[in-house]
Amino acid sequence: MVGLGNSCRGMKSPPLLVAALVACIIVLGFNYWIASSRSMDLQGQIMDLEGKVRRAAVERGAVELKKNEFQGELEKQRQQIDKIQSLHSFQMENANRVHQEEKVGPFLATVFCEIVVYQGALCNRIRLLQCSS
């Protein structure tokens with residue numbers, strides 16, 4: 001039993017070792033508290049960023065819809081412009097043709113009348129020549 005008595009005496013911890021262990025526990029507790037606070041702050045920031053990402057995704061979807069809507073309207077307007085341009089060019093061609101006809105019509109009538117008059121004069125001369133011979 002002498003061995004038991006010696007081991008009991010060896011079980012008593014020196015006060016310096018106990019103080020060092022308590023100091024380590026305090027330091028570890030303080031570090032845990034700081035890490036936990038930082039973790040909570042970071043989780044709050046993550047949640048804020050996730051909310052911003054969701055809002056940005058919703059806004060992006062709305063912008064995409066508006067963009068598609070405006071592109072559709074733009075395409076319709078381009079088609080209308082093409083139709084108007086083709087109609088305008090058709091009308092301009094018709095107007096030019098009518099103008100040319102109006103210009104050429106009286107000229108041709110005048111030329112035709114002159115030809116008829118000239119032929120009439122030639123016919124009269126031929127008749128006179130035939131009658132005189």
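UniProt positions are given here in the numbering used for this model, with feature names shortened, and annotations may be inferred rather than shown by experiment. An unreviewed UniProt entry annotates residues 16-35 as "transmembrane region".

The model is predicted: local features need pLDDT of at least 70, side-chain atom pairs count only at pLDDT 80 or more, and totals for chains, interfaces and linings use all residues. Residues are numbered from 1 along each chain as its sequence is written, and side-chain values use heavy atoms, leaving out hydrogens and water.

Over residues 16-35 the chain is 100% helix and 0% strand. The end C-alpha atoms of this stretch are 28 Å apart. Helices are DSSP runs (H or I, at least four residues), numbered from the N terminus.

The structure holds one aromatic pair. Phe-30 and Trp-33 form it, 5.9 Å centre to centre with 40° between the planes, which is tilted. Rings of Phe, Tyr and Trp (its six-membered ring) pair if their centres lie within 6.5 Å; planes under 30 degrees apart count as stacked, over 60 as edge-to-face and the rest as tilted. Both residues lie in helix α2 (residues 15-132), three residues apart, about one turn of the helix.

Ile-26 is also in helix α2. Val-18, Val-22 and Ile-26 make a nonpolar surface patch of about 260 Å². Such patches join nonpolar side chains within 5 Å, from residues with over 30% relative accessible area and no salt bridge.

Exposure classes are buried (under 20% relative accessible area), exposed (over 50%) and partly exposed in between, with a 1.4 Å probe and protein chains only.

| Residue | Relative accessibility | Class |
|---|---|---|
| Phe-30 | 47% | partly exposed |
| Trp-33 | 55% | exposed |
| Ile-26 | 57% | exposed |

How values were computed. Helices (H or I, at least four residues) and strands (E, at least two) are DSSP runs, numbered from the N terminus. Patches are made of residues with over 30% relative accessible area and no salt bridge: like charges are joined within 9 Å, nonpolar side chains (Val, Leu, Ile, Met, Phe, Trp, Tyr) within 5 Å. Accessible areas come from the Shrake-Rupley method with a 1.4 Å probe; for residues, only the protein chains shown count as cover. A salt bridge is a side-chain nitrogen of Lys or Arg within 4 Å of a carboxyl oxygen of Asp or Glu.
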